[in-house]
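Subject: Structure for you to look at

Hello,

Please find the structure below.

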Amino acid sequence: MNEELIPADHALDPQSFYTHILGKNFSTIRQAALSASLGKLRNRFISWRLFLGVLNETDSAEGWIQASRELRNEYHIMQESYKKVHVQDLDPLIFNPLSQSVENPWNSFYQDNELKQVIKNDIDRTFQERALFQKEETKEMMIRVLFTWSKNNPEISYRQGMNELLAVFFIVAVAEKFEKDDGIPEHAARILQELNDPTQTEADIYWMFTRLMALSVKELFLPVVVAKKKPINNLLSFEKSGYHNELVNTDKTNEASASVILKRSHRIHHRFLQALDKQLYMYIESQKIEPQIYLQRWVRCLLSREFNLSDTLVLWDSIFACAHIGEENRIEFFTGKLDFHKELVMLDFLCIAMIIFVRSFCIFYLVLQCDATGIMRRLLKFPPVEDVGILISMANSYKERILSGKGVTVPKIIHDMVEDDPLRASKPEPKASFIPLPSPKSIKLTDKIDTIIAILQEQSTL
Amino acid sequence: MATMECKIVTLGEGRVGKTSLALKYVKNEFHKDEISTVNANYLTKLVQIPQGSVQLNIWDTAGQERFRAIASNYYRQAKGALIVYDITDRKSFDKVVSWIKELKSQAEKNIVIVVAGNKCDMEKERQINRPEALEFCRKMQIRHFDTSAKSGNGVEEMFMELASQIFEANKGELGQSGRNSRRGKITVEKTKHRENSGKKGGCC
């Protein structure tokens with residue numbers, strides 16, 4: 001089923017560019033992003049570049065043009081340099097193609113081809129229902145961008161999920177390419193034409209992707225866990241030790257940073273969720289559901305896997321709008337630091353909003369089924385949300401509550417998962433201060449329903 | 001008759017058809033361009049076999065993830081594993097052996113493994129000699145199935161075989177844990193652990 005390339009209501013609006021972007025109404029733009037209405041301004045492509053720091057808000061429009069030119073140029077130089085392997089120029093008498101030597105250019109040639117193939121495998125199945133992505137030139141362009149990024153970031157390289165993040169940028173760039181000036185003043189039209197130049201899309205989305213990755217996103221793609229090597233019998237005594245955060249992996253590379261996704265999942269679940277909805281937290285904990293099981297995909301793909309494209313755009317508006325906001329928002333949270341210049345903090349709160357959104361479902365299934373499968377299914381296949389603006393509002397208010405410290409239960413913990421080895425971190429055992437779940441078979445359905453109602457009525461005392 | 005609940009994981013290189021096989025089996029759906037899996041998908045299906053019923057909780061993993069890297073209790077509770085390769089992709093077959101090794105060293109001793117040579121609707125592009133694959137699996141004492149998530153060939157049969165082998169391998173615990181079960185469902189994994197931890201000591 002082919003879809004229209006871009007619906008008309010996603011096209012660029014030059015008037016709005018003139019008023020809001022050139023007029024530098026950045027607080028209006030941010031406000032729009034946080035109230036799910038940035039789409040109406042139809043200048044998402046530029047707004048995102050500003051939010052992500054590809055373009056600097058404090059620069060003049062001429063400065064944006066200058067910066068864009070430099071970045072585009074830099075991209076083309078990089079891209080060219082990776083393109084040239086010149087194997088045909090290599091003298092087989094000097095460079096034996098079969099030599100395993102590290103310096104052998106043939107080896108990097110083979111490795112590069114392998115990397116390209118891995119990327120291609122995923123690009124061939126990225127948004128394939130859309131005509132835009134079925135075009136060979138789109139596919140080749142996406143492969144070039146991801147290949148260039150991977151070569152520049154060999155410690156991470158290409159990981160599944162990056163293809164989709166890039167694809168979203170591409171969709172936005174194509175939707176808002178400059179076509180006509182709509183009667184805005186000539187100088188404004190010239191600036192817009194340069195900034196949204198359709199011939200520069202590839203370089204522009206490369207830099208958006210790069211800046212996004214730099215906001216602690218690329219580390220999220222490292223393997224979930226790399227712990228100190230543990231003998232297997234430790235694992236089997238898991239029941240006794242009482243916590244389920246222990247993970248084994250004998251892969252010893254990058255010990256310190258490899259578990260970034262795990263730390264992030266733990267922060268969302270053990271800190272934020274516990275602080276904001278202790279009751280729900282304890283019910284989920286009682287089922288020993290490891291938060292990374294569902295949060296890994298939510299966080300890595302910036303929720304794009306859980307929602308359709310238009311909802312994803314709206315959610316990303318709010319996530320990006322909170323990136324790089326002022327110094328005063330660097331706050332200490334318990335022992336950890338929330339730094340809006342370093343990571344996409346809003347993403348954490350959207351995850352919390354999503355969990356709380358399906359709160360009654362979770363409790364319903366816990367009581368009726370008495371096991372974790374219902375919750376798992378729900379979280380791994382999140383239901384459609386009629387208006388994602390609700391999630392953004394919820395996330396915003398949770399963010400405010402955490403930042404102000406008002407209306408939160410400060411967890412008693414806190415094993416420091418941020419600084420210490422996260423794998424050693426245990427959590428507080430859920431106390432029996434919540435309505436216990438009934439034992440399954442013995443109880444009548446009506447009693448179960450009563451329990452559900454009691455639990456839901458007991459709502460956290462916040 | 002009791003229902004046995006068990007977790008199975010899908011393993012294999014990227015784009016061999018892990019998700020497609022699981023989806024074909026559970027939902028009878030097939031998408032030509034199934035998106036790449038990030039992390040894992042989770043699907044469940046209740047299977048009736050002559051000996052009883054088995055609820056399969058299928059953890060369908062991303063080809064790029066090492067399967068144990070997702071969560072600690074991820075493979076530990078797995079009663080069965082489905083290793084998939086693509087008959088049109090030599091490399092994916094060569095990796096089967098390393099998945100088997102990983103399972104043998106990391107998963108429970110009695111984990112049931114089956115191997116699927118997927119995309120058998122694309123016979124013309126076959127790169128893996130069928131007798132070679134069969135011989136390899138025979139040596140490993142693992143059942144091999146020719147499957148096509150597209151046509152559905154072999155899919156039902158393979159999961160049925162997996163379910164009934166798991167049932168056979170774990171029926172000992174069925175009665176035993178059934179009596180003690182707090183939950184009323186048979187939580188095979190837990191009783192199994194205690195046994196293992198007692199017997200195995202520090203052997204691995």
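Is A:Glu179 buried or exposed? A:Glu179 is exposed, with a relative accessible area of 59%; exposed means over 50%, buried under 20%, and partly exposed in between, with a 1.4 Å probe and protein chains only.

Some ground rules. This is a predicted model, in which local features need pLDDT of at least 70 and side-chain atom pairs count only at pLDDT 80 or more, while totals for chains, interfaces and linings use all residues; side-chain values use heavy atoms, without hydrogens and water. Residues are numbered from 1 along each chain as its sequence is written, and chains are lettered from A and ligands numbered from 1 in the order in which they are written.

Chain A

Chain A has 22 helices and two strands. Both are DSSP runs numbered from the N terminus: helices are H or I with at least four residues, strands are E with at least two. Of its 462 residues, 56% count as buried.

Chain B

Chain B holds an open sheet of six strands in the order β2-β3-β1-β4-β5-β6, with mixed pairing; two strands pair if DSSP finds at least two bridges between them. Its edge strands, β2 (40-49) and β6 (143-146), each pair on one side only. β2(B) and β3(B) (residues 52-61) run antiparallel over ten bridges, and B:Gln48 stands opposite B:Ser53 in β3(B).

Salt bridges

A salt bridge here is a side-chain nitrogen of Lys or Arg within 4 Å of a carboxyl oxygen of Asp or Glu.

The exposed A:Glu179 meets A:Lys177 in one of them, at 3.8 Å from N to O. A:Lys177 is partly exposed, at 32% relative accessible area.

A:Arg190 forms a salt bridge with A:Glu62, and the closest N and O atoms are 2.8 Å apart. This pair links distant parts of the chain: A:Arg190 is in helix α10 (residues 186-195) of chain A and A:Glu62 in helix α5 (residues 61-83) of chain A, 128 residues apart. A:Arg190 is partly exposed at 41%, and A:Glu62 is partly exposed at 44%.

In chain B, B:Glu161 and B:Arg143 form a salt bridge with closest N and O atoms 3.4 Å apart. B:Glu161 lies in helix α6 (residues 155-180) of chain B and B:Arg143 in strand β6 of chain B, so the pair ties together parts 18 residues apart in sequence.

Finally, A:Lys120, A:Asp124, A:Glu136, A:Lys139 and B:Arg15 are linked in a network of salt bridges.

Regards
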